[in-house]
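Me: Could you take a close look at one helix in this model for me, and then walk me through the packing in the rest of the chain?

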Amino acid sequence: MSLHYVVLLLGSNLGDTKSNLNQAIAKIENCLGKIIKTSEMIETQPVEFESTNIFCNIAIGLTTTISPYSFLNAVKSIEKEMGRELDSSAVGGYIDRIIDIDIVTFNNINFESKKLKIPHHKHLCEREFSKALLDSLNIK
């Protein structure tokens with residue numbers, strides 16, 4: 001069984017955002033692998049859509065033995081379990097959400113399919129808040 005290093009970016013802008021992130025992190029560690037790095041939580045304005053709800057975001061690094069597709073399915077299950085009904089691809093854009101969990105990197109693989117793109121280019125290269133969180137994990 002191979003051990004993979006995965007970096008996730010989590011965000012929430014509905015309800016108790018910090019509690020939502022902590023609950024998601026606990027579920028991730030329970031279901032997906034061992035968390036070995038976490039950034040600080042920061043508050044950010046919504047990006048690429050209009051909302052009056054402020055986001056709370058955090059980056060985490062973890063090790064897992066799960067394959068990328070199985071990992072994605074587990075992440076989507078956690079989001080749904082926490083109350084997220086639709087993701088941005090189903091809605092056709094970004095909306096307020098109780099939890100959003102994005103796979104930023106998975107080892108050093110480059111992968112693209114209809115459902116999954118690794119690495120997550122917007123978080124690595126375009127979004128300043130993401131780059132700051134990832135820098136704190138020493139992810140470039």
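Predicted model: local features only at pLDDT ≥ 70, side-chain atom pairs only at ≥ 80, totals over all residues.

**Helix α5 and the cores**

Reply: Let's start with helix α5, residues 128-136, where the buried residues are Phe129, Ser130, Leu133 and Leu134. Look down the axis of α5 and those buried residues fall within an arc of 130°, so they line one face of the helix. Asp135 is also found in α5, but with a relative accessibility of 37% it counts as partly exposed. After α5 comes Asn138, which has a positive phi, near 65°.

Now for the cores. The largest nonpolar core has 24 residues, and those with the most contacts inside it are Leu8, Leu10, Ile28, Leu62, Phe71 and Ile101. The elements giving two or more residues to this core are β1 (4-12), α1, β4 (55-64), α2 (68-81) and β5 (100-106). Apart from it lies another core, of 8 residues, and this is where Leu133 turns up, with Leu9, Ala59 and Val104 also among its members.

Last stop is Thr17, in helix α1 (residues 17-31). Thr17 is buried, because its relative accessible area of 14% is under the 20% cut-off. Setting aside neighbours within four places in sequence, Thr17 is in contact with Ser12, Ile54 and Cys56.

Methods
Residues numbered from 1 in each chain as written. Heavy atoms only, no water. Helix = DSSP H or I, 4+ residues; strand = E, 2+ residues; numbered from the N terminus. Buried < 20%, exposed > 50% of the residue type's maximum accessible area, 1.4 Å probe, protein only. Contact = heavy atoms within 4.5 Å. Arc of directions from axis to C-beta. Core = buried A, V, L, I, M, F, W, Y, C linked by side-chain atoms within 4.5 Å.
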